[in-house]
Structure formats: C-alpha cells, structure tokens
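Work through the following exercises with the sequence and the coordinates open. Each task is followed by a solution in steps.

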Amino acid sequence: MKRFAPLLVSGLLLFSTAGFAASEMEELAATMQNSDFSVQVERLLRNGRAPQALELAEIGIQRNPRNAQLVFQKAVALETMERTEEAAKVLRSLIADYPEIPEPYNNLAVIEAGLGNLEASVALLQKALVINPEFALARKNLGDVYLALAVENYQAAQPALPNNRVLAQRLRSLERILGK
C-alpha cells in the first residue's frame, strides 16, 4: 500500500487544480509586492471595476491581514457593488480594530443614512470629525444628514401646523434641494 500513496497524493493534487485557471487578479497579485495592492485596488475602483478590486483586495488581505487600507478598500468595493450589509460589517470591524481612522466612520454613516438611520449617521460623522476636524467629506455628509433630519422634522410638524406658510415654504425648498 505504501507504494501507491505518492500516486494517490499526486492524483489528488491534479484533481484539485484541474479546470481551475488562475483568475486575472490572482495572476496580477502573483507579480505584486504587498505594498502595491492598495494602489492597484484604488486604480480598479476608479475605473469602475469593483468586483476585480474586491478580489484583489481580498488577496492582499490574505497576504497582510493588518493592512487597514486594503480592508477599507474592500468595504468601498462592497458598497459600490451594493452589498451594503457586508460593507457595513467590514466597516464596523475596521472601526473596532482602528478607532483612530476617520474614513470608516464616514462610510458607515453614509450606509446608515441610506437605511434611514439618520441619528446613527450623525453620531458616526461626529466621531469622524472628532478624529479629524478638517475632514471635509464628513462635514459635507453631516450637512446632508442634517438637511434630511430637517425635512423629517418639518414633515412631522406640518399636520399640526397646516396653515404655516414659512414651514411649508422651507419644506418645499429642502425637498427641492434634496431632490425629493
């Protein structure tokens, strides 16, 4: 039986790789240094190739699990592909591991706002701004969330104040601004 063991092992190896060609991203990754992954993933994201960016980010994360930039880019790729629950999970994990990085708070806030969780979105954006008060995109997103909260509050007040012209005018203006 011992002399058949090498044949059995090599047969298993042939079977396990037969029919499985390396993907384009696996081939690219084989030529890359760990430091190259973030640049390549960013390029793929900019070129509208989120599935490939996700695949390459995952390969890079396998090589270097502590690369926060690649984990963040994985979340961006997932968001782009409208896999928001997965993206939110990755962002929450990133926040737990690296609470000092503001970008995951911002991106998670956008997801929360999209789900209608405006108060949670505000809290996340405020955390991002505590970390980096100059984070312009977080400021812009906070303004957008405040506008959405204003619309919600004006709509809630409107039935009790049906003849209030100022309220009606503000509500129409904000709805027009927000494209509602």
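This is a predicted model: local features need pLDDT of at least 70, side-chain atom pairs count only at pLDDT 80 or more; totals for chains, interfaces and linings use all residues.

**Exercise 1. The fold as a whole**

Task: State how many helices and strands the protein has, and what share of its residues is buried.

Solution. 
- Step 1. Counting the secondary structure gives ten helices and zero strands.
- Step 2. Along the sequence this reads α-α-α-α-α-α-α-α-α-α.
- Step 3. The protein has 180 residues, and 34% of them count as buried.
- Step 4. For the contacts, take those with a separation of 6 or more; residues 24 or more positions apart account for 47% of them.

**Exercise 2. The buried face of helix 3**

Task: Find which residues of helix 3 are buried, and determine how they are arranged around the axis of the helix.

Solution. 
- Step 1. Helix 3 covers residues 37-46.
- Step 2. Its buried residues are Phe-37, Ser-38, Val-41, Leu-44 and Leu-45.
- Step 3. Viewed down the axis of helix 3, these buried residues fall within an arc of 125 degrees, so they line one face of the helix.
- Step 4. The packing partners of the buried residues are helix 2 (24-30), helix 4 (50-63) and helix 5.
- Step 5. For contrast, take Val-39, which also lies in helix 3.
- Step 6. The C-alpha atom of Val-39 is 9.9 Å from that of Gln-69, a residue 30 positions away along the chain.
- Step 7. After the helix comes Gly-48, which has a positive phi, near 75 degrees.

**Exercise 3. Helix 3 against helix 5**

Task: Describe the packing of helix 3 and helix 5 by angle and distance, then list the residues that make the contact.

Solution. 
- Step 1. The axes of helix 3 and helix 5 (residues 68-80) are 10 Å apart and form an angle of about 15 degrees.
- Step 2. Angles under 35 degrees count as roughly parallel, so helix 3 is roughly parallel to helix 5.
- Step 3. The crossing of helix 3 with helix 5 is left-handed.
- Step 4. Helix 3 contributes Phe-37, Ser-38, Val-41, Glu-42 and Leu-45 to the contact, and helix 5 contributes Gln-69, Leu-70, Gln-73, Val-76 and Ala-77.
- Step 5. Sorted by class, this contact has six nonpolar, three polar and one charged residues.
- Step 6. Consider Gln-73, which lies in helix 5. Its relative accessible area is 2%, so Gln-73 is buried.
- Step 7. With neighbours within four places in sequence left aside, Gln-73 is in contact with Ser-38, Val-41, Glu-42 and Leu-45.

**Exercise 4. Helix 5 against helix 7**

Task: Decide whether helix 5 and helix 7 are roughly parallel or roughly antiparallel, and name the residues in contact.

Solution. 
- Step 1. Helix 7 spans residues 103-114, and its axis is 11 Å from that of helix 5, at an angle of about 15 degrees.
- Step 2. Helix 5 and helix 7 are therefore roughly parallel to each other.
- Step 3. Helix 5 and helix 7 make a left-handed crossing.
- Step 4. The contact joins Phe-72, Val-76 and Glu-79 of helix 5 to Glu-103, Pro-104, Asn-107 and Ile-111 of helix 7.
- Step 5. By class there are four nonpolar, one polar and two charged residues in the contact of helix 5 with helix 7.

**Exercise 5. Helix 8 against helix 9**

Task: Classify the packing of helix 8 and helix 9 from their angle, then examine Ser-121.

Solution. 
- Step 1. Helix 8 spans residues 118-131. Helix 9 (residues 136-157) packs on helix 8 at an angle of about 155 degrees, and the axes are 10 Å apart.
- Step 2. An angle over 145 degrees counts as roughly antiparallel, so helix 8 is roughly antiparallel to helix 9.
- Step 3. Helix 8 and helix 9 cross in a left-handed sense.
- Step 4. Residues of helix 8 that meet helix 9 include Leu-118, Ser-121, Val-122 and Leu-125; among those of helix 9 are Ala-138, Leu-142, Val-145 and Leu-149.
- Step 5. The contact of helix 8 with helix 9 has eleven nonpolar, three polar and three charged residues.
- Step 6. Ser-121 lies in helix 8, and at 0% relative accessibility Ser-121 counts as buried.
- Step 7. Beyond its neighbours within four places in sequence, Ser-121 is in contact with Ala-109, Glu-112, Ala-113 and Val-145.

Conventions
Residues are numbered from 1 along each chain as its sequence is written. Side-chain values use heavy atoms; hydrogens and water are left out. Axes are lines fitted to C-alpha atoms, for helices over the stretch in contact, and angles run from 0 to 180 degrees between N-to-C directions. Helices (H or I, at least four residues) and strands (E, at least two) are DSSP runs, numbered from the N terminus. Angles under 35 degrees count as roughly parallel, over 145 as roughly antiparallel, 65 to 115 as roughly perpendicular and the rest as oblique. A crossing is left-handed if the near helix is turned anticlockwise from the far one by less than a right angle, and right-handed if clockwise. Contact means heavy atoms within 4.5 Å. Ala, Val, Leu, Ile, Met, Phe, Trp, Tyr, Cys and Pro count as nonpolar, Asp, Glu, Lys and Arg as charged, and the others, Gly among them, as polar. Buried means under 20% relative accessible area, exposed over 50%, partly exposed in between (1.4 Å probe, protein chains only). The arc is that of the directions from the helix axis to the C-beta atoms.
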